[in-house]
Amino acid sequence: MFEKLVAVICNYVEVSPEQITGDSRFMEDLGFTSFDFMSMLGELEDELDVEIDQQKAADIRTVNEAVSYLESLKA
């Protein structure tokens with residue numbers, strides 16, 4: 001799931017996959033805007049065939065938190 005998320009992240013911001021760690025924060029470290037983040041969530045919903053709760057998504061700050069949440073949806 002981490003690798004898949006990293007690939008999607010790279011579609012939205014100018015970072016190389018090697019720069020992204022589990023502790024990378026979307027806004028502060030990776031340079032996401034709120035719009036980028038919501039657009040990425042929409043793509044992940046389509047790609048993973050899950051429905052992301054917008055309230056829970058608002059609490060996601062790091063890549064690891066996103067991976068954990070997405071894995072919980074797939075379980």
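Helices in this predicted model are DSSP runs of H or I with at least four residues, numbered from the N terminus.

Q: In which loop is Asp49 found?
A: Asp49 has a phi near 55°, a positive value in a residue other than glycine. Most residues other than glycine have a negative phi. The position of Asp49 is the loop between H2 and helix H3 (54-57).

Q: Does Asp49 count as buried or exposed?
A: A residue is exposed if its relative accessible area is over 50%. Asp49 has a relative accessibility of 68%, and therefore counts as exposed.

Q: Is H1 roughly parallel or oblique to H4?
A: The axes of helix H1 (residues 2-12) and helix H4 (residues 63-74) come within 10 Å and cross at roughly 120°. Because of this angle, the relation of H1 to H4 is oblique.

Q: What arc around the axis do the buried residues of H1 cover?
A: The buried residues in H1 are Leu5, Val6, Val8 and Ile9. They lie on the same side of H1, because they cover an arc of only 165°.

Q: Which helices do the buried residues of H1 pack against?
A: On H1, the exposed residues Glu3 and Asn11 are carried by the face turned away from the buried side. The buried residues of H1 pack against helix H2 (34-48) and H4.

Conventions: Residues are numbered from 1 along each chain as its sequence is written. This is a predicted model: local features need pLDDT of at least 70, side-chain atom pairs count only at pLDDT 80 or more; totals for chains, interfaces and linings use all residues. Side-chain values use heavy atoms; hydrogens and water are left out. Axes are lines fitted to C-alpha atoms, for helices over the stretch in contact, and angles run from 0 to 180 degrees between N-to-C directions. Helices (H or I, at least four residues) and strands (E, at least two) are DSSP runs, numbered from the N terminus. Angles under 35 degrees count as roughly parallel, over 145 as roughly antiparallel, 65 to 115 as roughly perpendicular and the rest as oblique. Buried means under 20% relative accessible area, exposed over 50%, partly exposed in between (1.4 Å probe, protein chains only). The arc is that of the directions from the helix axis to the C-beta atoms. Contact means heavy atoms within 4.5 Å.
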